[in-house]
2 protein chains.
Amino acid sequence: MNSSTESALTQLKAWLAQRELPDDGRLPPERELCELLGVSRGALRKALALLERDGELWRQVGKGTFVGARPVDKFLSVAAIAEGSSPFEVMQARLLIEPMLAAEAAVHASAAHLDEMQRCTRLQREATTWRQYENADNRLHRTVAEAAGNSVLTALFDQLNAVRRAIVWGRLRQKPDHPPADHHSFAQHDEIVRAIGERDPERAYRAMHEHLSTVRDNLLRKRYGADFVRPGSNAPPPA
Amino acid sequence: MNSSTESALTQLKAWLAQRELPDDGRLPPERELCELLGVSRGALRKALALLERDGELWRQVGKGTFVGARPVDKFLSVAAIAEGSSPFEVMQARLLIEPMLAAEAAVHASAAHLDEMQRCTRLQREATTWRQYENADNRLHRTVAEAAGNSVLTALFDQLNAVRRAIVWGRLRQKPDHPPADHHSFAQHDEIVRAIGERDPERAYRAMHEHLSTVRDNLLRKRYGADFVRPGSNAPPPA
DNA sequence: TACCTGACCAATTATTGATTGGTTTGTTTT
DNA sequence: AAAACAAACCAATCAATAATTGGTCAGGTA
């Protein structure tokens, strides 16, 4: 180590020891600090580099210099998740999560939530375009998630839903302009809403599970043929 | 429906039908559009509200009005979710999700995953600081999630975990420097890993559920006192 | 050779003004 | 009296700009 940097390091450590730092651990910009310490900026930077190498602080251009460990705010983007996933994985995730949300919704749903659910089933029946149909479907499932009354779970559902859309949009571009004559879904949606309305968590769970199973099977049949048998477990969880 | 809004709705639908919209589906600001259609802004807004209610378009202050479904691509940042949530909600979410991951892990876990889990339990026993203890705990739960073999679910777990950390860091600043003498957790972790290793999904589910219940109760006791009774449902889902 | 000074670069933040959906208020119309 | 309208205002958002900050380079100095 050269003499000037050694001096700067000593000064810096002393300053850090006596000085009370703000909450975010930020210390003054280099141009100020080097004047405070009475050292040149180059020397100060070498001293800071040493402390950074030891993990005692971290720096970022345009932001500043901070004591402590560099924060790792790894927010996985929806696109990144969708990239490494398959429609099958998304369906399995839905199959695990949404029935629980339905069960919770049966406990916590408000009257407004129930109204909205019924409105969605009606809108879906009245849909004349694929977009309307899908809108109503999305909205119904979203309302169920929201009705569960847990903002964290709602956020997770939103993320899952976003991944689902990203994958569907990316791989299965087929979007007919007419709504499907899928009376199966109508009845299943009705059963879900009914179970939630009657405050029956177990029935809501089963109804949602059965509905999503149907959706999954349709998806897989469309992709792999009618005789496809899904690998892995798909049973409801133990009680 | 009142006559002016009915007229506005007709005009609007006609305009939408004949007009080719830009790629993003954005239509002109209200102040322009009402002039184009020859209706008052109030009437136009009522008509727009109807279409929005039917999911045919969506609006946002400062942004504009767009046809189609409201994009949920808005990646909710961890901080944003944590802001509107409570530790209790996070625990409930963990209670709903992680037992299922454990059950799936019992089916799909590889030998490498099992090794890693056992390594984590060992590391936790040997931990001498709180940070090491917590690291081992995080890693164990993360490995279970990964062992479930579904990248979407793993991503959701990561997000949930990030929210949990954000909340714990933000609200409960107490961080003792010594690991807890919490032999309860040790035994429960062992039971989880054992159940997964023996390929018993139901036992893995129950073990994880019991473990997280304990964690939650400890958390609540610490926060609200020993006699706190948690509202809402916390029962395992129906079979 | 080591060091300092000054300038410049690129990433980031702060600021300002304009745009836009949402709301209120007072007036006019029916 | 109720509905409709017009204008003003509000808050969220966006675009453009300026300021800040860590990183780097060139030239001079001891």
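In chain B of this predicted model, 3 strands make up an open sheet with the order β1-β3-β2 and antiparallel pairing. Strands here are DSSP runs of E with at least two residues, helices are DSSP runs of H or I with at least four, and both are numbered from the N terminus; two strands pair if DSSP finds at least two bridges between them. β1 and β2 of chain B stand at the edges with a single partner strand each, so one side of each has no neighbour in the sheet. Residues are numbered from 1 along each chain as its sequence is written, while chains are lettered from A and ligands numbered from 1 in the order in which they are written. Because the model is predicted, local features need pLDDT of at least 70 and side-chain atom pairs count only at pLDDT 80 or more, whereas totals for chains, interfaces and linings use all residues.

The pairings within the chain B sheet can be followed bridge by bridge. Strand β1 (residues 26-27) of chain B runs antiparallel to β3(B), and 2 bridges join them. Here B:R26 has B:F66 as its bridge partner in β3(B), and B:L27 stands opposite B:T65. On the other pairing, β2(B) and β3(B) are antiparallel and share 4 bridges, with B:R59 opposite B:T65. The hairpin of β2(B) and β3(B) has 3 residues between the strands, and B:G62 takes a positive phi near 80 degrees there. Helix α3(B) lies across β2 and β3 of chain B and runs at about 120 degrees to β2(B); such angles run from 0 to 180 degrees between N-to-C directions, with axes being lines fitted to C-alpha atoms, for helices over the stretch in contact.

The 3 strands of chain A form an open sheet, ordered β1-β3-β2, with antiparallel pairing. Its edge strands are β1 (26-27) and β2 of chain A, each of which pairs on one side only. Helix α3(A) packs on the sheet by touching β2 and β3 of chain A, and its direction makes about 120 degrees with that of β2(A). Between β1(A) and β3(A), which run antiparallel, there are 2 bridges, and A:R26 has A:F66 as its bridge partner in β3(A). Between β2(A) and β3(A), also antiparallel, there are 4 bridges, and A:L57 faces A:V67 in β3(A). In the hairpin of these two strands, with 3 residues between them, A:G62 has a positive phi near 80 degrees.

Which residues come nearest to DNA strand C? Of the 21 residues around it, the nearest are A:N2, A:S40, A:G62, B:P29 and B:R59, where a residue is near a molecule or strand if its C-beta atom, placed from the backbone, lies within 6 Å of it. Both chains take part: α1 (3-18) and α3 (41-53) of chain A, together with β2 (57-60) and β3 (64-67) of chain B, each supply at least two residues of this surface. The largest share, 3 residues, comes from α3(A). By type, the surface near DNA strand C has 5 nonpolar, 11 polar and 5 charged residues. In this scheme Ala, Val, Leu, Ile, Met, Phe, Trp, Tyr, Cys and Pro count as nonpolar, Asp, Glu, Lys and Arg as charged, and the others, Gly among them, as polar.

DNA strand D is also surrounded by 21 residues, the closest being A:P29, B:N2, B:S4, B:S40 and B:G62. Two or more residues of the surface near DNA strand D come from each of β2 (57-60) and β3 (64-67) of chain A and α1 (3-18) and α3 (41-53) of chain B. α1(B) gives the most, with 3 residues. The surface near DNA strand D divides into 5 nonpolar, 12 polar and 4 charged residues.

Two residues are in contact if their C-beta atoms, placed from the backbone, lie within 7 Å. Leaving aside neighbours within four places in sequence, A:A102 is in contact with A:V144, A:I192, A:I196, A:A204, A:Y205, A:A207 and A:M208.
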